[in-house]
Amino acid sequence: MKIGIIGAGMVGRAFAAAAIKQGHEVMIANSRQPDTLYSLTKSLGAKAGLAKEAAEFADVVLLAIPFKYYEQIPAEWLVGKVLIDANNYYPERDGQIALLDNKESTTSEMIASHFSGARVVKAFNAILAEEILGGGKLAGSEKHRAHPIAGDDQQAKKSVEHLLEQFGFEVIDVGNLSEGYRFERGSPAYCIPMDGAMLRQTLEEVQSNN
Ligand SMILES: NC(=O)c1ccc[n+]([C@@H]2O[C@H](COP(=O)([O-])OP(=O)(O)OC[C@H]3O[C@@H](n4cnc5c(N)ncnc54)[C@H](OP(=O)(O)O)[C@@H]3O)[C@@H](O)[C@H]2O)c1
């Protein structure tokens, strides 16, 4: 699969390493020129590009940038693409966003509203970057770590599910994007390693925002 990664920080790098390990072709971009990624891409075995080029190159695009910057990425770059939304809202970093503070929307719904032609799947937001490459095994257990996803496009979700399984995770499909609040920052499942049964139960117990 051709994977474009917009955001070459902690999440982008970890995801790139996991994807390359599984034989995928990866192009990674930051907010600057590709030459600033020379050492990183050389050590990973990835291509470097502008964000627009990473989007054009890919079937699947991971967006992993500070949430406050998502509108800097033009929606037309991602029309028809599977867009993995790994982003979280941190007011101390992103500033106060009334729609989220008032629980009138969720981060992924805001992303989907901006990238209206993309097939948005919420995933890789509720795991620490350094745990993406861990093979998904729970410490001291034979069980695989479970990972939640949400999205409205079933085919797109299947692609992301396949990637997560390749990375070693059990996938828990939470439903449509509107259910993504169940694993947003601050929810009980956020960044806590769990097996499938425990994650499913924890997600079900989260009360609706509305
Ligand atoms: N860190 C974690 O463990 C973790 C886990 C799950 C989810 N998340 C979420 O994932 C997102 C990324 O987190 P991170 O920790 O990886 O961030 P980070 O280490 O701060 O890296 C952010 C990256 O985004 C790039 N960027 C910013 N604006 C851009 C733009 N307009 N176009 C292209 N690239 C742009 C930056 O480029 P420059 O280098 O050029 O500035 C940088 O490479 C955040 O929303 C975060 O909340 C983080």
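**View 1. The polar contact between the side chains of Thr-106 and Glu-109 in the predicted model.** The side chains of Thr-106 and Glu-109 make a polar contact at 2.7 Å, a term that stands for a pair of N or O atoms within 3.5 Å, of which, within protein, one must be able to donate a hydrogen and the other to accept it, while residues adjacent in sequence count only if both atoms are side-chain atoms. Thr-106 belongs to the loop that runs between helix H5 (98-101) and helix H6 (107-114), helices being DSSP runs (H or I) of at least four residues, numbered from the N terminus. With a relative accessible area of 4%, Thr-106 is buried (under 20%, with a 1.4 Å probe and protein chains only).

**View 2. Polar atoms around the ligand.** A backbone N or O atom of Val-11 lies 2.9 Å from a ligand oxygen atom, a polar side-chain atom of Arg-93 is placed 3.2 Å from an oxygen atom of the ligand, and for an N or O atom in the side chain of Asn-87 the distance to a ligand oxygen atom is 3.4 Å. Of the 910 Å² of accessible area that the ligand has on its own, the protein covers 81% (Shrake-Rupley method, 1.4 Å probe).

**View 3. The shell of residues around the ligand.** The ligand is surrounded by 26 residues, and the closest are Ala-8, Val-11, Ser-31, Arg-32 and Gln-72 (a heavy atom within 4 Å). This shell divides into 16 nonpolar, eight polar and two charged residues, with Gly counted among the polar ones.

**Notes.** The model is predicted, so that local features need pLDDT of at least 70 and side-chain atom pairs count only at pLDDT 80 or more, whereas totals for chains, interfaces and linings use all residues. Residues are numbered from 1 along each chain as its sequence is written, and side-chain values use heavy atoms, with hydrogens and water left out.

Definitions and conventions:
Helices (H or I, at least four residues) and strands (E, at least two) are DSSP runs, numbered from the N terminus. Buried means under 20% relative accessible area, exposed over 50%, partly exposed in between (1.4 Å probe, protein chains only).
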